[in-house]
Amino acid sequence: MFSLNPQTRKKLQRFRKIKRGYYSFLLLAGLGVLLAFGELLINSRALVVSYQGQLYFPTYSDFHPGTDFGLDYAYETNYRELKIQFQQKDEGNWVLLPLVPYNPYENHAPGGIFRPLPPNAAEQHYLGTDTTSRDILARLFYGTRIALVFALLFTACVYVIGITIGCAMGYFGGVFDLVFQRIIEIWSNVPFLYMVIIIFSVIPSSVAVTTRIGILLLVMVLFSWTGMTYYMRTETYKEKSRDYIASARVIGASNARIIFRHIMPNVLSTLVTFMPFTIVAAISAITALDFLGFGLPAPTPSLGELLKQGTANLRTAPWIVISAFGTLVALLTLVTFIGEAIRESFDPRTFSVYR
Amino acid sequence: MKKPLSTLFLAGLILLLGGCGQGETDGAGEAPSAAAETATAAGVDAEVEAYYAAHPEFFGFKTPADLPADLTWTSNEHLPEIGSPEARKGGTQYGALQDFPRTLRTVGPDSNGGFRPFLLDDVGMTLAHVHPETLELYPGLAESWAVDWDNQTVYTKLDPAATWSDGEPITADDYLFMFWFYRSPYIMAPWYDNFYSTKYTNITRYDDHTISISMAERKPDMDELGMLLRPVPRHFYRQMDDDFSERYQWEFEPTPGPYIVRDQDIRKGRSIALTRLENWWARDKKHWRYRFNPDRIQLSVIRDASKMFEAFKRGDIDQFGLGLAEYWYEKLPDSDPDVQAGYIHKTVFHNQRPRPPFGLWINTAQPLLDNRDIRVGIAHATNWDMVIEKFFRGDNERLDTANDGFGEFSHPTLKAREFDIARAQEHFARAGFSRRGADGILVNEAGQRLSFNLSTGYETMRDVLTILRQEAAKAGLDLRLEVLDGTVGWKQVQEKQHEISFLAFGRFLEQYPRFWEHYHSDNAWDRAFLEDGSVNPDRQPKTQTNNLEAFALLEMDQLIERYRASSDREEMIALSHQMIALHHEHASFVPGFYQGFFRVGHWRWVRYPDGFSYKHSDGAGELFVHWIDTDMKEETLAARRSGKTFEPSITVYDQWAE
């Protein structure tokens, strides 16, 4: 991790001075907090139910069948209806619903017919509904969360593999470097999209949705780590020939120590600079795959799936494509702004003593 | 001839997984004589003649004097004419295909695609055709015919005027050749081999224009079997060998019908066009003269359904199927400016025909699903009424059995199981699922969740499954949705890999339902039962058949065999009811819905006869009774520019509504 040595502190200060990137970072961080606790904001389960003097907090608990609240069914309570019922009966029971009382999977058709509903504050569908009457805000919200988590995991995996192999190639050089370069060249020529399609056509659908997402992540990582190795390899080569590495070796430092204590901190700026752009690439990739129908398995909420619906209903339900596209643009812009600011503040040429 | 292979059947824009890759029996066709294999260099003539000679019981050669004297010849002169005398020839009809045809062949690999109706099914000709109003036969290539029910033979006098599109006359030889052709291994279509080997026992040539055909069974529709036969042009298939599928891949077979595909109109991957033969031999014949009116049918490839619709709205395509509620109510509502201005007409036509059995096909070979209580529970846990109400907006009807729409052969009283959470739970509890887990899904003592895969190959029907899933969760049943590409979905059920599949089979206009394909144990397991009638413990599922439920009951097998052997209509009806009831009792199929109509939007220059279509027709374009009014097209296009409007037209033809 960053030990806050004076240089790093300087870089961070510089980052704070780049207002556009800094505010983007704050915004995204805020959004991240919201997303983490999303179930409290956008959810069909109530925050608090007070029934016969007892308080229930259904958000994170097991499901409550309707019978728990004096209803006549054994399946999950419909808290919106429960709230209305409590109000009508007026027996001191009450329900506190989240801001948007819908989950991203349920079809809520106020007119009784599944059709896209324009944004409607009275029904609390603030961005309208999609073609199967699911709340767009809920789907966007959870879709973004999944995309972000997915992108972060993707970046972490790609970095671990890319750094390890790239550093090793640069540091050891020789035959190892030569062989791995050829392997990477061959590997990076395998068409990624076809592989995704082929792999997903053989995975049985009985595999759970989370596992399928995991497999998708794995496939994407497998075909994306190669790009990182090039940068790491050249950076390591460059650092390796410097005098301080030679000194370290003379003192008798081990390879691991040299790589992790001496080379890594000096190439960190390259890594950090690339990170936001890797995230952007991951979000775009997952959205594109969803759009094509090869991404996250249905009915997982996703930006790409909404975009697809939106383009198919451009004329009749423009609000679908507007909100999905708007979210995607905003998200990618924020990350890109942060990325630019990081690149600027971490640019080694500004601080490098070898300049 | 029943359209023997599956056709990718278009109901609005809904692609049904059609398919009867399997024939009715497993009997292998007779192999061609080995001696003929050397004959390919000199064309296929020697091989064909040798084959005729090797099968004298099947291919008979007689003289007109041998015809029975007491035949009553008919040509059903009394039938009402099809089409409208107002129809005008001319103009170009513009349409779209979702995929470019993979071949111009009508048999063999890949020949069974969405373009085949334009090559064969809708524009081809057979000896006689089924009248779409009365279901009687009207003459096509035959001038008249006589049916000898006792000897299971149909005698036919061919129309001497009939010619192929390349000018060659159509003679009795083309019908004999047809049997050789379909039974030949070169075409790589075993279904045909099976069908033409087992359904027919003899074809006899009396002279160039007189033939007789004998059938193996005396079924109520025996005359149709003998008359719905399409000749194969012997002079065209001179070279027949193992290269058949490549050699004829892009060769347009001469047709007795009105439309041909010219080489210059094939733009691979982009568009293809049909051209009307100006001096078509049947141009002045009754039932044919007012049909097939456009001079040219131009079909472009538009892969995306929503783009196809936009092309229609622009006027680049003349008509568009509005079967889906989404199109009828949302994308082209009655209030649409083009509809209100009378440019685009909207039409609903109620028809009567065997209904494609949309529903859940439960694979009883899978664990848990072999338990009848679970299946009955699933039937009670699926809310089709809500699907019909919310997705189809009440336009569709609930299907009651898998064989609805066959008139007397359909069960008169059976009703599908209704959505009922309490009864579903009762049945699930009997199967050991009585406790709800943390997510509300039922679990049994062993901790196993009540969860199944529900897959489909219809992407447009995704929302139907979403509704089912949501409602099933109320009964504690978890349905994991799997929406696949059409081909992949079909492959899955053919490999019997599915748990529950949502699909329908295309239904042809037949008098009585087929049971063998879907319910005979021969199509479920390699050897379903032991000698003593008990279940064979080592049986393996049989793939590539249409028994998607792994339905195997000894009682059903016996009923099916009686049904197939029966030639008595009343007995067949009784057996049919019995089998439908047994199938219902087994609960391996959850009936979904059917659409009792078709509906289209068409620009006002596409004109239709007064009644629009016919009682048993399947779609607006199927019978080619429409015509393109070129003057009206110019007028409409000019009006669009100037803003002039016409009387809007939104018409419902419900004279045949059920």
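The model is predicted, with local features shown at pLDDT of at least 70, side-chain atom pairs at pLDDT 80 or more, and totals for chains, interfaces and linings using all residues. Residues are numbered from 1 along each chain as its sequence is written, chains are lettered from A and ligands numbered from 1 in written order, and side-chain values use heavy atoms, leaving out hydrogens and water.

**Figure 1. Chain A as a whole, with 13 helices and 3 strands.** Helices (H or I, at least four residues) and strands (E, at least two) are DSSP runs numbered from the N terminus. The C-alpha trace spans about 85 × 45 × 40 Å along its principal axes. Of the 355 residues in chain A, 47% are buried; buried means under 20% relative accessible area, exposed over 50%, and partly exposed in between, with a 1.4 Å probe and protein chains only. Chain A exposes about 17900 Å², and carbon and sulfur atoms supply 65% of that area (Shrake-Rupley method, 1.4 Å probe; for residues, only the protein chains shown count as cover).

**Figure 2. Helix α7 of chain A, residues 209-222.** From first to last C-alpha, the 14 residues of this helix reach 20 Å, close to the expected 20 Å; the expected span is 1.5 Å times one less than the number of residues. Buried residues of α7(A) include R212(A), I213(A), L216(A) and V219(A). Among the elements covering the buried residues of α7(A) are α4 (136-172), α6 (192-202), α8 (225-240) and α10 (255-292) of chain A.

**Figure 3. V196(A), a residue of helix α6 in chain A.** V196(A) has 0% relative accessibility and so counts as buried. Leaving aside residues up to four places away in sequence, V196(A) touches L216(A), V219(A), L289(A) and F294(A), where contact means heavy atoms within 4.5 Å.

**Figure 4. Chain B as a whole, with 18 helices and 29 strands.** The radius of gyration of chain B is 26 Å, which agrees with the value near 26 Å for a compact globule of 658 residues. That radius is taken over C-alpha atoms, and the globule rule is 2.2 Å times the number of residues to the power 0.38. Buried residues make up 62% of chain B. Of its contacts with a separation of 6 or more, 74% join residues 24 or more positions apart.

**Figure 5. D159(B), in the loop between β8 (153-158) and α3 (172-183) of chain B.** At 8% relative accessibility, D159(B) counts as buried. Beyond residues up to four places away in sequence, D159(B) touches L141(B), A142(B), E143(B), H209(B), W281(B) and K285(B).

**Figure 6. D110(B) and K496(B), two loop residues of chain B.** D110(B), between β4 (92-97) and α2 (116-121), has a positive phi near 65° although it is not glycine. K496(B), between α14 (486-494) and β23 (500-503), has a positive phi near 60° and is likewise a residue other than glycine. D110(B) is partly exposed at 46% relative accessible area, whereas K496(B) is buried at 11%.
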